[in-house]
Amino acid sequence: MELTAKEKALVTALGGGLPLVSDPYAELGRRVGLSEGETIAVIARLREAGLIKRFGVVVRHHELGYRSNAMVVWDIPDARVEEIGRRFSAFDFVTLCYQRPRRPPEWPYNLFCMVHGRERDVVLGQVEELAETCGLAGVKREVLFSTRRFKQRGAVYCLAPETAA
């Protein structure tokens, strides 16, 4: 899909997030020379084409009181990792869940999930709920609570520079 100059400008403008105004699409459109309707239509078309995969809110958990945030790493049998990943993803309190390769012998973990909470004990209880519900009581895992936040924002994409003709 070839993007027009205005579409490219809109993608770049989206990288900074939606403006916090009552009509954010109109404001974005104003910045790149599109109407509100055109802006919404372009975003919809880019989503349909798969160029924008996710369009949502990045929550700054800390400001909302979620200060007990844990990355939980699991050593799931390879034959079950897809099943368990899908089951974890169904829990509302799991905000991220993905598979990564093991790095033996030091790092046997292959499934990662993020649990955000206001209280450490609640998060630990939710991790136990995951283990019990999914039959993982004996599976090796580590709960890694965040201690300091250095950066938190959504992804920002840069369009490839134009190639010289």
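Q: Which residues do ring pairs link into a cluster?
A: Tyr 98, Trp 107, Tyr 109 and Phe 112 are joined by ring pairs. This is a predicted model, where local features need pLDDT of at least 70, side-chain atom pairs count only at pLDDT 80 or more, and totals for chains, interfaces and linings use all residues. Residues are numbered from 1 along each chain as its sequence is written, and side-chain values use heavy atoms, with hydrogens and water left out.

Q: Why is the pair of Trp 74 and Phe 88 called tilted?
A: Rings of Phe, Tyr and Trp (its six-membered ring) pair if their centres lie within 6.5 Å; planes under 30 degrees apart count as stacked, over 60 as edge-to-face and the rest as tilted. The centres of Trp 74 and Phe 88 are 5.0 Å apart and the planes stand at 55°, so the pair is tilted.

Q: What makes Trp 74 count as buried?
A: Buried means under 20% relative accessible area, exposed over 50%, and partly exposed in between (1.4 Å probe, protein chains only). Trp 74 has 0% relative accessibility, so this residue is buried. Phe 88 is also at 0% and therefore buried.

Q: What makes the aromatic pair of Tyr 98 and Phe 112 stacked?
A: The planes of Tyr 98 and Phe 112 are 5° apart, with 5.7 Å centre to centre.

Q: Why does Tyr 98 count as partly exposed?
A: Its relative accessibility is 26%, so Tyr 98 falls in the partly exposed range. Phe 112, at 8%, is buried.
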